[in-house]
Amino acid sequence: MPVNEEIDQIDRKILQKLAEDARVPFAELGRRVGLSPSAAAERVRQLESREFIRGYRAEINLQALGYSVTAFVRLTCDGSRYRQFLKILPTLQPVQECHHLTGGDAFLLKVVLPSITHLEDLIEKLLPYGNPTTSMVLSTPLERKQVSHLLNNL
């Protein structure tokens with residue numbers, strides 16, 4: 001069933017408001033979407049139980065903590081090394097995201113590290129599993145952490 005048939009307009013508004021500010025109190029959330037605080041709380045619980053809301057997180061400024069290097073690593077990986085890589089992947093702490101891809105590369109990793117030396121160490125750890133190609137991030141002109149702009153189209 002398509003998402004837009006499973007949730008109504010009020011649910012969409014709740015998701016938008018929580019995407020903008022997940023710490024908004026139920027009283028304020030209810031006011032913003034036209035519900036009582038208890039009705040807003042119940043709607044949020046339903047959205048959580050139906051897994052439209054997966055969790056709540058603090059956004060940590062990694063650069064302020066000294067993690068100044070962000071890079072994307074594309075990894076080609078043949079069949080015999082593929083499963084080995086998947087086993088070691090959770091132990092690679094600098095890896096923030098890992099995407100399995102179509103095309104020539106098997107994986108795309110987003111990594112955040114404190115220095116180029118740490119990046120070099122990570123690349124060396126990847127060598128037994130495939131051929132890494134690294135692109136360092138110079139700047140990030142657009143970074144969307146919120147999804148509220150996508151919810152307008154539901």
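This is a predicted model: local features need pLDDT of at least 70, side-chain atom pairs count only at pLDDT 80 or more; totals for chains, interfaces and linings use all residues.
Visitor: Hi! How many salt bridges does the structure hold?
Guide: Seven. One of them joins the side chains of Asp11 and Arg43, with N to O at 2.9 Å.

Visitor: Which parts does that pair tie together?
Guide: Asp11 sits in helix α2 and Arg43 in helix α4 (residues 37-49), so the bridge links parts 32 residues apart in sequence.

Visitor: And are Asp11 and Arg43 buried or exposed?
Guide: Both are buried.

Visitor: What about Arg31, which residue does it bridge to?
Guide: Arg31 pairs with Glu28, and their closest N and O atoms are 2.4 Å apart. Both belong to helix α3 (residues 26-33), three residues apart, or about one turn of the helix. Arg31 counts as exposed at 58% relative accessibility, while Glu28 is partly exposed at 23%.

Visitor: New topic! In the largest nonpolar core, which residues touch the most other members?
Guide: Phe85, Leu92, Phe107, Leu109, Val111 and Leu126, out of 19 residues. The elements giving two or more residues to this core are β1 (69-76), α5 (79-88), β3 (107-113) and α6 (116-126). Another core, of 12 residues, lies apart from it and includes Leu18, Leu29, Val33 and Ile53.

Visitor: What does Leu92 contact, beyond its neighbours within four places in sequence?
Guide: Phe85, Leu122, Lys125 and Leu126.

Definitions and conventions
Residues are numbered from 1 along each chain as its sequence is written. Side-chain values use heavy atoms; hydrogens and water are left out. A nonpolar core is a set of buried Ala, Val, Leu, Ile, Met, Phe, Trp, Tyr and Cys residues joined through side-chain atoms within 4.5 Å. Buried means under 20% relative accessible area, exposed over 50%, partly exposed in between (1.4 Å probe, protein chains only). Helices (H or I, at least four residues) and strands (E, at least two) are DSSP runs, numbered from the N terminus. Contact means heavy atoms within 4.5 Å. A salt bridge is a side-chain nitrogen of Lys or Arg within 4 Å of a carboxyl oxygen of Asp or Glu.
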